[in-house]
Amino acid sequence: MTFSAADHAAMARALQLAALGLNTTSPNPRVGCVLSQNGAIIAEGWHRRAGEPHAEIHALRQAGGAARGATAYVTLEPCSHFGRTPPCADALIDAGVARVVAAMEDPNPLVAGRGMARLRAAGIVTEHGLLETEARELNIGFVSRMTRGRPWLRLKAAATLDGKTALENGVSQWITGPEARRDGHAWRARACAVLTGVGTVKADDPQLNVREAACERQPLRILIDARLEAPPAARILQGEPILIATACEDGPRIASLSAAGHRLIVLPNAAGKVDLPRLLAELGTLGLNEIHAEAGFKLNGSLLREGCVDELLLYLAPLLAGDAAHGLFNLAALTRLEDATRLDIRDLRQLGRDIRILARIARG
(Lines give C-alpha, C1' and ligand atoms only; values in the text may rest on other atoms or scores of the structure.)
Protein backbone atom coordinates (compact mmCIF):
# COMPACT_ATOMS: atom_id res chain seq x y z
CA MET A 1 0.00 0.00 0.00
CA THR A 2 1.45 3.36 -1.04
CA PHE A 3 0.81 6.52 0.97
CA SER A 4 1.54 10.03 -0.25
CA ALA A 5 3.69 12.67 1.41
CA ALA A 6 0.48 14.43 2.45
CA ASP A 7 -0.75 11.21 4.05
CA HIS A 8 2.47 10.91 6.04
CA ALA A 9 2.33 14.53 7.16
CA ALA A 10 -1.28 14.24 8.31
CA MET A 11 -0.67 11.03 10.24
CA ALA A 12 2.47 12.47 11.82
CA ARG A 13 0.35 15.36 13.08
CA ALA A 14 -2.27 12.91 14.38
CA LEU A 15 0.47 11.13 16.35
CA GLN A 16 1.61 14.45 17.82
CA LEU A 17 -1.94 15.08 18.95
CA ALA A 18 -2.27 11.58 20.42
CA ALA A 19 0.86 12.15 22.49
CA LEU A 20 -0.86 15.07 24.22
CA GLY A 21 -2.84 12.45 26.10
CA LEU A 22 0.28 10.59 27.23
CA ASN A 23 -0.44 11.07 30.93
CA THR A 24 -4.23 11.27 30.97
CA THR A 25 -6.07 8.68 28.83
CA SER A 26 -5.61 5.54 30.94
CA PRO A 27 -7.13 2.97 30.69
CA ASN A 28 -7.96 4.09 27.17
CA PRO A 29 -5.35 4.30 24.40
CA ARG A 30 -3.77 7.58 23.30
CA VAL A 31 -5.41 8.56 20.02
CA GLY A 32 -5.19 11.54 17.68
CA CYS A 33 -7.28 12.41 14.60
CA VAL A 34 -6.79 14.80 11.69
CA LEU A 35 -9.37 15.66 9.00
CA SER A 36 -8.03 16.73 5.62
CA GLN A 37 -9.56 18.09 2.40
CA ASN A 38 -7.42 18.23 -0.76
CA GLY A 39 -4.24 17.75 1.24
CA ALA A 40 -4.99 20.57 3.72
CA ILE A 41 -5.84 19.94 7.37
CA ILE A 42 -9.28 21.31 8.23
CA ALA A 43 -9.76 19.95 11.77
CA GLU A 44 -8.03 17.91 14.43
CA GLY A 45 -8.64 16.38 17.82
CA TRP A 46 -7.22 14.06 20.46
CA HIS A 47 -8.57 11.88 23.22
CA ARG A 48 -8.04 13.51 26.59
CA ARG A 49 -9.35 11.07 29.20
CA ALA A 50 -11.60 8.05 29.62
CA GLY A 51 -15.29 8.88 29.51
CA GLU A 52 -14.78 11.99 27.37
CA PRO A 53 -15.21 12.19 23.57
CA HIS A 54 -12.71 10.30 21.45
CA ALA A 55 -10.28 12.00 19.07
CA GLU A 56 -12.55 11.55 16.04
CA ILE A 57 -15.46 13.29 17.77
CA HIS A 58 -13.37 16.34 18.66
CA ALA A 59 -12.17 16.63 15.05
CA LEU A 60 -15.65 16.14 13.57
CA ARG A 61 -17.13 18.78 15.85
CA GLN A 62 -14.42 21.21 14.83
CA ALA A 63 -14.97 20.50 11.12
CA GLY A 64 -18.75 20.62 11.09
CA GLY A 65 -20.17 20.24 7.60
CA ALA A 66 -16.69 20.51 6.06
CA ALA A 67 -16.07 16.89 7.12
CA ARG A 68 -18.18 15.62 4.20
CA GLY A 69 -15.86 14.10 1.60
CA ALA A 70 -12.79 14.52 3.83
CA THR A 71 -10.07 12.02 4.71
CA ALA A 72 -9.79 11.13 8.40
CA TYR A 73 -6.35 10.13 9.69
CA VAL A 74 -6.62 8.28 13.00
CA THR A 75 -3.76 6.76 14.98
CA LEU A 76 -5.95 3.81 16.02
CA GLU A 77 -8.82 2.09 14.25
CA PRO A 78 -12.12 3.85 15.07
CA CYS A 79 -14.13 1.98 17.68
CA SER A 80 -17.23 0.06 16.62
CA HIS A 81 -18.81 -0.67 20.00
CA PHE A 82 -20.66 1.19 22.71
CA GLY A 83 -18.42 1.77 25.73
CA ARG A 84 -18.59 4.96 27.77
CA THR A 85 -19.17 6.75 24.45
CA PRO A 86 -20.93 5.77 21.16
CA PRO A 87 -18.96 4.16 18.28
CA CYS A 88 -16.65 6.53 16.44
CA ALA A 89 -17.10 4.52 13.24
CA ASP A 90 -20.77 5.53 13.19
CA ALA A 91 -19.89 9.18 13.77
CA LEU A 92 -17.50 9.14 10.78
CA ILE A 93 -20.17 7.52 8.62
CA ASP A 94 -22.80 10.06 9.67
CA ALA A 95 -20.38 12.93 8.94
CA GLY A 96 -19.90 11.70 5.39
CA VAL A 97 -16.13 11.29 5.32
CA ALA A 98 -14.88 9.65 2.14
CA ARG A 99 -11.72 7.93 3.37
CA VAL A 100 -10.32 6.74 6.71
CA VAL A 101 -6.62 5.99 7.21
CA ALA A 102 -5.74 4.27 10.50
CA ALA A 103 -2.17 3.88 11.67
CA MET A 104 -3.01 0.49 13.18
CA GLU A 105 -5.91 -1.83 13.79
CA ASP A 106 -7.27 -1.88 17.33
CA PRO A 107 -5.98 -4.89 19.32
CA ASN A 108 -9.06 -4.66 21.56
CA PRO A 109 -11.08 -7.84 20.85
CA LEU A 110 -14.24 -5.70 20.97
CA VAL A 111 -12.99 -3.85 17.87
CA ALA A 112 -10.21 -5.84 16.13
CA GLY A 113 -11.06 -4.87 12.56
CA ARG A 114 -14.78 -4.39 13.08
CA GLY A 115 -14.48 -0.61 12.99
CA MET A 116 -12.83 -0.61 9.58
CA ALA A 117 -15.29 -3.24 8.33
CA ARG A 118 -18.22 -1.06 9.36
CA LEU A 119 -16.71 1.91 7.51
CA ARG A 120 -16.16 -0.17 4.35
CA ALA A 121 -19.73 -1.46 4.50
CA ALA A 122 -20.85 2.17 4.43
CA GLY A 123 -18.84 2.82 1.25
CA ILE A 124 -15.90 4.57 2.90
CA VAL A 125 -12.40 3.83 1.58
CA THR A 126 -10.28 2.39 4.41
CA GLU A 127 -6.54 1.90 4.72
CA HIS A 128 -4.23 1.13 7.63
CA GLY A 129 -0.54 0.64 8.35
CA LEU A 130 0.67 4.24 7.94
CA LEU A 131 3.26 4.96 10.70
CA GLU A 132 2.04 1.84 12.46
CA THR A 133 5.27 1.32 14.42
CA GLU A 134 5.07 4.80 15.90
CA ALA A 135 1.41 4.33 16.81
CA ARG A 136 2.12 0.99 18.45
CA GLU A 137 4.96 2.46 20.51
CA LEU A 138 2.71 5.25 21.74
CA ASN A 139 0.24 2.67 23.07
CA ILE A 140 2.62 -0.13 23.96
CA GLY A 141 0.93 -0.71 27.32
CA PHE A 142 -2.57 -0.82 25.85
CA VAL A 143 -1.40 -3.25 23.16
CA SER A 144 0.23 -5.40 25.84
CA ARG A 145 -2.92 -5.54 27.93
CA MET A 146 -5.13 -6.35 24.96
CA THR A 147 -2.87 -9.03 23.45
CA ARG A 148 -1.20 -10.55 26.55
CA GLY A 149 -3.70 -9.77 29.28
CA ARG A 150 -1.05 -7.95 31.31
CA PRO A 151 0.46 -4.47 31.45
CA TRP A 152 3.80 -3.43 29.98
CA LEU A 153 6.31 -3.31 32.84
CA ARG A 154 9.14 -0.80 32.67
CA LEU A 155 11.79 -1.21 35.37
CA LYS A 156 13.62 1.99 36.30
CA ALA A 157 16.90 2.08 38.20
CA ALA A 158 19.68 4.55 38.86
CA ALA A 159 23.21 3.24 39.23
CA THR A 160 26.88 4.11 39.09
CA LEU A 161 28.92 3.16 36.05
CA ASP A 162 29.98 -0.01 37.84
CA GLY A 163 26.32 -0.96 38.28
CA LYS A 164 25.79 -0.08 41.94
CA THR A 165 22.51 1.33 43.25
CA ALA A 166 23.53 2.06 46.86
CA LEU A 167 26.58 1.99 49.09
CA GLU A 168 27.17 -0.91 51.45
CA ASN A 169 25.61 1.17 54.25
CA GLY A 170 22.47 1.72 52.16
CA VAL A 171 23.08 5.34 51.15
CA SER A 172 21.72 5.95 47.64
CA GLN A 173 20.60 9.59 47.48
CA TRP A 174 21.48 10.99 45.13
CA ILE A 175 23.38 8.84 42.65
CA THR A 176 22.08 10.74 39.63
CA GLY A 177 21.66 14.47 39.02
CA PRO A 178 18.53 16.65 38.89
CA GLU A 179 18.05 16.24 35.12
CA ALA A 180 17.85 12.45 35.41
CA ARG A 181 15.52 12.67 38.41
CA ARG A 182 13.14 14.98 36.55
CA ASP A 183 13.17 12.63 33.58
CA GLY A 184 12.36 9.71 35.88
CA HIS A 185 9.32 11.58 37.18
CA ALA A 186 8.15 12.19 33.61
CA TRP A 187 8.20 8.42 33.04
CA ARG A 188 6.29 7.95 36.29
CA ALA A 189 3.67 10.44 35.09
CA ARG A 190 2.87 8.48 31.93
CA ALA A 191 2.46 5.19 33.81
CA CYS A 192 -0.84 3.89 35.12
CA ALA A 193 0.86 2.69 38.28
CA VAL A 194 4.20 2.93 40.09
CA LEU A 195 5.35 -0.26 41.80
CA THR A 196 7.90 -0.91 44.53
CA GLY A 197 8.79 -3.47 47.18
CA VAL A 198 8.73 -3.37 50.96
CA GLY A 199 12.53 -3.42 51.08
CA THR A 200 12.66 -0.07 49.33
CA VAL A 201 9.93 1.28 51.62
CA LYS A 202 11.88 0.30 54.73
CA ALA A 203 15.21 1.57 53.36
CA ASP A 204 14.17 4.83 51.64
CA ASP A 205 10.58 5.57 52.74
CA PRO A 206 9.61 6.88 49.27
CA GLN A 207 6.37 8.75 48.49
CA LEU A 208 6.39 7.15 45.02
CA ASN A 209 4.34 9.94 43.48
CA VAL A 210 4.96 12.41 40.65
CA ARG A 211 6.43 15.68 41.88
CA GLU A 212 8.84 16.94 39.24
CA ALA A 213 6.68 16.64 36.10
CA ALA A 214 3.31 17.95 34.98
CA CYS A 215 0.68 15.41 35.97
CA GLU A 216 -3.09 15.84 36.10
CA ARG A 217 -3.59 12.54 37.88
CA GLN A 218 -1.26 10.62 40.15
CA PRO A 219 -0.54 7.02 39.13
CA LEU A 220 -1.79 4.26 41.38
CA ARG A 221 0.90 3.19 43.84
CA ILE A 222 1.51 -0.55 44.22
CA LEU A 223 3.44 -2.12 47.08
CA ILE A 224 4.68 -5.70 47.02
CA ASP A 225 4.83 -6.73 50.66
CA ALA A 226 4.76 -10.51 51.05
CA ARG A 227 4.62 -10.53 54.89
CA LEU A 228 2.93 -7.14 55.43
CA GLU A 229 6.03 -5.62 56.99
CA ALA A 230 5.62 -2.01 55.84
CA PRO A 231 5.73 0.37 58.83
CA PRO A 232 2.31 1.95 59.48
CA ALA A 233 3.91 5.41 59.29
CA ALA A 234 5.52 4.75 55.88
CA ARG A 235 4.89 7.63 53.52
CA ILE A 236 3.57 5.33 50.79
CA LEU A 237 0.67 4.43 53.11
CA GLN A 238 -0.30 8.08 53.54
CA GLY A 239 -2.50 10.10 51.18
CA GLU A 240 -4.34 8.32 48.38
CA PRO A 241 -5.02 4.60 49.01
CA ILE A 242 -2.62 2.15 47.42
CA LEU A 243 -2.75 -1.42 46.15
CA ILE A 244 -0.83 -3.94 48.27
CA ALA A 245 0.13 -7.35 46.89
CA THR A 246 0.90 -9.83 49.64
CA ALA A 247 1.36 -13.54 50.32
CA CYS A 248 0.17 -13.17 53.90
CA GLU A 249 -3.34 -13.72 55.25
CA ASP A 250 -2.83 -11.87 58.54
CA GLY A 251 -6.44 -11.00 59.32
CA PRO A 252 -5.91 -8.09 61.75
CA ARG A 253 -3.25 -6.44 59.61
CA ILE A 254 -5.29 -6.84 56.42
CA ALA A 255 -8.33 -5.46 58.22
CA SER A 256 -6.35 -2.46 59.44
CA LEU A 257 -4.97 -1.66 55.99
CA SER A 258 -8.35 -2.19 54.36
CA ALA A 259 -9.98 0.12 56.91
CA ALA A 260 -7.49 2.80 55.84
CA GLY A 261 -8.80 2.44 52.27
CA HIS A 262 -6.01 0.35 50.82
CA ARG A 263 -6.79 -2.57 48.51
CA LEU A 264 -5.06 -5.87 49.22
CA ILE A 265 -4.53 -8.80 46.86
CA VAL A 266 -3.30 -12.07 48.37
CA LEU A 267 -1.25 -13.96 45.76
CA PRO A 268 1.16 -16.42 47.39
CA ASN A 269 3.48 -18.59 45.34
CA ALA A 270 5.01 -21.92 46.39
CA ALA A 271 7.89 -20.11 48.12
CA GLY A 272 5.61 -17.96 50.24
CA LYS A 273 6.32 -14.81 48.24
CA VAL A 274 4.05 -12.81 45.96
CA ASP A 275 3.35 -14.56 42.66
CA LEU A 276 4.55 -11.82 40.33
CA PRO A 277 3.20 -13.16 36.99
CA ARG A 278 -0.22 -13.63 38.58
CA LEU A 279 -0.01 -10.10 39.95
CA LEU A 280 0.58 -8.72 36.46
CA ALA A 281 -2.44 -10.63 35.20
CA GLU A 282 -4.52 -9.14 38.03
CA LEU A 283 -3.29 -5.65 37.15
CA GLY A 284 -4.39 -6.25 33.58
CA THR A 285 -7.94 -6.94 34.77
CA LEU A 286 -7.85 -3.57 36.56
CA GLY A 287 -7.26 -1.78 33.24
CA LEU A 288 -3.63 -0.84 33.92
CA ASN A 289 -1.59 -0.41 30.73
CA GLU A 290 1.90 0.64 31.86
CA ILE A 291 3.60 -0.22 35.15
CA HIS A 292 6.66 1.77 36.24
CA ALA A 293 8.70 -0.28 38.73
CA GLU A 294 11.25 1.31 41.09
CA ALA A 295 12.52 -1.29 43.52
CA GLY A 296 15.63 -2.74 45.14
CA PHE A 297 17.98 -5.32 43.69
CA LYS A 298 16.08 -8.26 45.22
CA LEU A 299 12.69 -7.42 43.71
CA ASN A 300 14.41 -6.26 40.50
CA GLY A 301 15.99 -9.69 40.20
CA SER A 302 12.72 -11.48 40.93
CA LEU A 303 10.85 -9.46 38.31
CA LEU A 304 13.52 -10.30 35.73
CA ARG A 305 13.78 -14.00 36.64
CA GLU A 306 10.01 -14.47 36.48
CA GLY A 307 9.67 -12.87 33.05
CA CYS A 308 7.78 -9.79 34.23
CA VAL A 309 10.09 -7.08 32.88
CA ASP A 310 9.56 -5.79 29.35
CA GLU A 311 11.82 -2.76 29.37
CA LEU A 312 14.66 -1.30 31.43
CA LEU A 313 15.03 2.42 32.06
CA LEU A 314 18.54 2.82 33.43
CA TYR A 315 20.23 6.02 34.54
CA LEU A 316 23.99 5.68 34.88
CA ALA A 317 25.98 8.27 36.81
CA PRO A 318 29.72 8.93 36.21
CA LEU A 319 30.66 7.42 39.57
CA LEU A 320 32.35 4.25 40.79
CA ALA A 321 31.07 2.78 44.06
CA GLY A 322 33.17 -0.37 44.48
CA ASP A 323 32.47 -4.08 44.88
CA ALA A 324 30.85 -3.91 48.32
CA ALA A 325 28.02 -1.62 47.15
CA HIS A 326 24.59 -2.99 46.23
CA GLY A 327 24.07 -4.09 42.63
CA LEU A 328 21.15 -3.66 40.23
CA PHE A 329 19.71 -7.16 40.13
CA ASN A 330 19.76 -10.17 42.41
CA LEU A 331 20.32 -12.81 39.73
CA ALA A 332 21.84 -16.27 39.87
CA ALA A 333 25.49 -16.71 38.92
CA LEU A 334 26.05 -17.91 35.36
CA THR A 335 28.61 -20.31 33.97
CA ARG A 336 27.84 -19.55 30.30
CA LEU A 337 27.46 -16.19 28.61
CA GLU A 338 24.81 -17.77 26.41
CA ASP A 339 22.51 -17.79 29.45
CA ALA A 340 22.81 -14.06 30.10
CA THR A 341 19.73 -11.86 29.76
CA ARG A 342 20.07 -10.10 26.44
CA LEU A 343 18.83 -6.60 25.78
CA ASP A 344 17.97 -4.51 22.73
CA ILE A 345 18.95 -0.89 23.29
CA ARG A 346 16.18 1.37 21.99
CA ASP A 347 17.43 4.78 23.10
CA LEU A 348 20.64 6.21 24.53
CA ARG A 349 21.10 9.82 25.58
CA GLN A 350 22.86 12.10 28.06
CA LEU A 351 20.90 13.98 30.72
CA GLY A 352 23.13 16.43 32.53
CA ARG A 353 26.16 14.40 33.62
CA ASP A 354 24.26 11.09 33.50
CA ILE A 355 23.49 8.60 30.73
CA ARG A 356 19.98 7.24 30.16
CA ILE A 357 19.56 3.83 28.52
CA LEU A 358 16.18 2.51 27.40
CA ALA A 359 16.53 -1.18 26.61
CA ARG A 360 14.08 -4.02 26.01
CA ILE A 361 14.39 -7.63 27.02
CA ALA A 362 15.28 -9.59 23.90
CA ARG A 363 12.62 -12.30 23.78
CA GLY A 364 13.61 -15.60 22.21
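Predicted model: local features only at pLDDT ≥ 70, side-chain atom pairs only at ≥ 80, totals over all residues.
Residues are numbered from 1 along each chain as its sequence is written, and side-chain values use heavy atoms, with hydrogens and water left out.

**Helix 6**
- Helix 6 covers residues 140–148, and its buried residues (under 20% relative accessible area, with over 50% called exposed and the rest partly exposed, for a 1.4 Å probe and protein chains only) are Ile-140, Gly-141, Phe-142, Val-143, Ser-144 and Arg-145.
- Just after helix 6 comes Gly-149, which takes a positive phi of about 75 degrees.

**Two domains**
- The domain assignment, which is automatic or from a database, gives domain 1 (5–143) and domain 2 (149–361).
- The centres of the two domains, taken over C-alpha atoms, are separated by 34 Å, and 13 residues of domain 1 are in contact with 13 residues of domain 2.
- Between them the domains bury about 1100 Å², 41% of it on carbon and sulfur atoms; buried area here is the accessible area (1.4 Å probe) that two parts lose on being put together, summed over both.
- On the domain 1 side, Asn-23, Ile-140 and Gly-141 lose the most area to domain 2, together 45% of what that side buries.

**Recorded binding site**
- An unreviewed UniProt entry lists His-54, Cys-79 and Cys-88 under "binding site", given in the numbering used here with shortened feature names, and such annotations may be inferred rather than shown by experiment.
- These residues span 35 residues in sequence, yet no two of their C-alpha atoms are more than 9.3 Å apart, so they gather at one spot.
- His-54 lies in the loop between strand 2 (40–46) and helix 2 (55–63), whereas Cys-79 lies in the loop between strand 3 (71–74) and helix 3 (88–95).
- Cys-79 is buried, with a relative accessible area of 9%, and, not counting residues up to four places away in sequence, it touches His-54, Pro-86, Pro-87, Cys-88, Ala-89 and Val-111.

Definitions and conventions:
Helix = DSSP H or I, 4+ residues; strand = E, 2+ residues; numbered from the N terminus. Contact = heavy atoms within 4.5 Å.
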